[in-house]
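Subject: A structure for you to look at

Hello,

Here is the structure I promised to hand over. Please open it alongside this message, and I will walk you through what turned up.

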Amino acid sequence: MKPRTTYIALSAAVMLAAISCKHGILQSGINIKGDITGYGGKTLYALYENPEKGIITDTIAVKSGKFTIKAESEQETPLYITDENRRTITALFVKDGDNITISGECAPYKVTVEGSPTNTLLGEFYNKNATMLAKLDSLRNLYATRRNDPDYKSLLAETTDSISRQAGIFVKDNPTSPASVFLTYRYISRYDNRDETRKLIESIAPTTRPERFTAKIERYVSIQRYDKGKVMPYTQLHTPNDSSIYSYTRKNLPTIVYFWSINDTASLRGLDTLRTLYNTLPEKKIQIHSISLDINKNAWKRVIREKKLPWDQSILPEGWCSQTAYTLNISRLPSIFFIERNSTIIGRDLQMDSLRILLDEKLK
């Protein structure tokens with residue numbers, strides 16, 4: 001090829017790349033296109049963790065079953081798509097450069113996922129086990145109200161074990177896929193299953209295991225219940241102005257940590273009681289920090305404004321799926337912790353009367 005011909009060819013290639021990017025043919029980041037049937041809602045929610053920016057919740061407009069999700073993460077990260085009733089439609093394991101399509105029936109775990117080898121495999125696993133996965137989600141959502149019911153606990157354990165076995169088979173069949181790491185994280189890694197978890201994670205090719213997620217899985221299988229005397233785990237939280245904070249003790253004070261939800265009546269009543277308590281606390285002696293387990297950030301912010309809550313507020317937008325809720329073994333709402341300035345737990349699962357007694361002792 002002559003030099004001038006080469007120059008023209010290179011120029012054409014550059015122009016084609018520019019046009020492609022402009023029209024969305026070549027795109028950076030994570031791009032998900034949806035075309036689903038049977039969904040009557042107008043919005044979906046996409047929740048994912050960007051390692052640099054923290055947990056992000058996006059509200060996705062749905063028109064005639066079609067939607068677009070754009071996200072960014074240089075490392076593999078979970079991305080959960082939920083409907084307006086907070087049911088999980090699918091859960092992906094994505095990173096920049098992924099272009100994924102979601103199609104078919106909009107029911108939990110029944111959509112078809114295509115576009116990247118990792119998520120195509122995940123979609124196939126979900127489709128095969130859709131009924132059982134939806135059942136597990138429903139059972140977990142009942143935990144706060146039925147945790148003391150022996151029949152419920154037995155059914156939850158049975159369903160959890162069934163999914164763990166299916167995920168274990170998948171991992172053994174796909175040792176070189178990041179999908180195996182994600183399914184280990186979601187369905188296998190827990191303290192009472194730690195030996196099997198470690199065995200499976202070691203069977204996955206080292207080049208396939210993202211270091212960040214291997215560390216998360218190890219933390220899951222190593223944790224014990226955070227009772228009195230333990231130190232609250234280091235946690236990333238999001239504030240109403242969408243900034244991030246990284247602990248419960250920003251002001252280095254003993255702290256009442258109040259886990260709640262806008263959908264929980266007892267939580268809302270507890271906020272009113274906390275306001276009365278807040279007005280009695282000596283300034284710069286004790287602080288309150290409320291943490292919401294809600295997906296809908298806008299609704300959460302609206303309740304904060306309506307109730308005019310004067311203390312620190314933050315949110316775990318993954319809700320009951322958040323690592324913090326799992327690690328702390330939060331089983332009901334509201335859930336009240338009282339911690340020292342160094343995050344050591346003085347009391348957990350407190351009733352208001354018990355909290356007042358601890359406060360009196362602390363303020364003597």
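A residue counts as buried when its relative accessible area is under 20%. Phe182 has a relative accessibility of 0%, so Phe182 is buried. Tyr185 is at 7%, so Tyr185 is buried too. Please keep in mind that this is a predicted model.

Now for the aromatic rings. How many aromatic pairs does the structure hold? There are eight aromatic pairs. In one of them, the ring centres of Phe125 and Phe170 are 5.7 Å apart and the planes meet at 75 degrees; planes over 60 degrees apart count as edge-to-face, so Phe125 and Phe170 form an edge-to-face pair. This pair connects distant parts of the chain, with Phe125 in helix H2 (residues 117-128) and Phe170 in helix H5 (residues 150-173), 45 residues apart. Phe125 and Phe170 are both buried. Phe182 and Tyr185 make an aromatic pair as well, a stacked one, with 6.4 Å from centre to centre and 25 degrees between the planes. You will also find one aromatic cluster made up of Tyr109, Phe125, Tyr126, Phe170 and Tyr187.

Several of these names come back in the nonpolar cores. The largest nonpolar core has 29 residues, and those with the most contacts inside it include Leu122, Phe125, Phe182 and Tyr187. Strand E6 (88-94), H2, helix H3 (130-141), H5, H6, helix H7 (194-203) and helix H8 (211-222) each contribute at least two residues to this core. Which of them gives the most? That is H6, with seven residues. To see the surroundings of one member, look at Phe125: beyond its neighbours within four places in sequence, Phe125 is in contact with Leu133, Gln166, Ala167, Phe170, Leu183 and Tyr187. Another core, of 24 residues, lies apart from the largest one, and among its residues are Trp260, Leu281, Leu309 and Ile315.

Next, the strands. Is strand E2 (residues 43-50) mostly covered or mostly uncovered? E2 is mostly covered, as eight of its eight residues are buried. Both faces of E2 are covered: Thr43, Tyr45, Leu47 and Glu49 are buried on one side, and Leu44, Ala46, Tyr48 and Asn50 on the other. E2 pairs with E5 in the antiparallel sense over four bridges, and the bridge partner of Ala46 in E5 is Ile81.

E5 covers residues 77-82 and includes Thr82. With a relative accessible area of 4%, Thr82 is buried. Setting aside neighbours within four places in sequence, Thr82 is in contact with Leu44, Tyr45, Leu47, Arg87, Thr88, Ile89 and Ile295.

Finally, have a look at Ser292, which is in strand E12 (residues 287-292). Ser292 has a relative accessible area of 0%, so Ser292 is buried. Not counting residues up to four places away in sequence, Ser292 touches Trp260, Trp300, Ser314, Ile315 and Leu316. The side chains of Ser292 and Asp294 are joined by a polar contact of 2.4 Å. The C-alpha atoms of Ser292 and Trp320 are 10.0 Å apart, and these residues are separated by 28 residues along the chain.

Note on methods: Residues are numbered from 1 along each chain as its sequence is written. This is a predicted model: local features need pLDDT of at least 70, side-chain atom pairs count only at pLDDT 80 or more; totals for chains, interfaces and linings use all residues. Side-chain values use heavy atoms; hydrogens and water are left out. Buried means under 20% relative accessible area, exposed over 50%, partly exposed in between (1.4 Å probe, protein chains only). Contact means heavy atoms within 4.5 Å. Rings of Phe, Tyr and Trp (its six-membered ring) pair if their centres lie within 6.5 Å; planes under 30 degrees apart count as stacked, over 60 as edge-to-face and the rest as tilted. A nonpolar core is a set of buried Ala, Val, Leu, Ile, Met, Phe, Trp, Tyr and Cys residues joined through side-chain atoms within 4.5 Å. Two strands pair if DSSP finds at least two bridges between them. A polar contact is a pair of N or O atoms within 3.5 Å; within protein, one must be able to donate a hydrogen and the other to accept it, and residues adjacent in sequence count only if both atoms are side-chain atoms.
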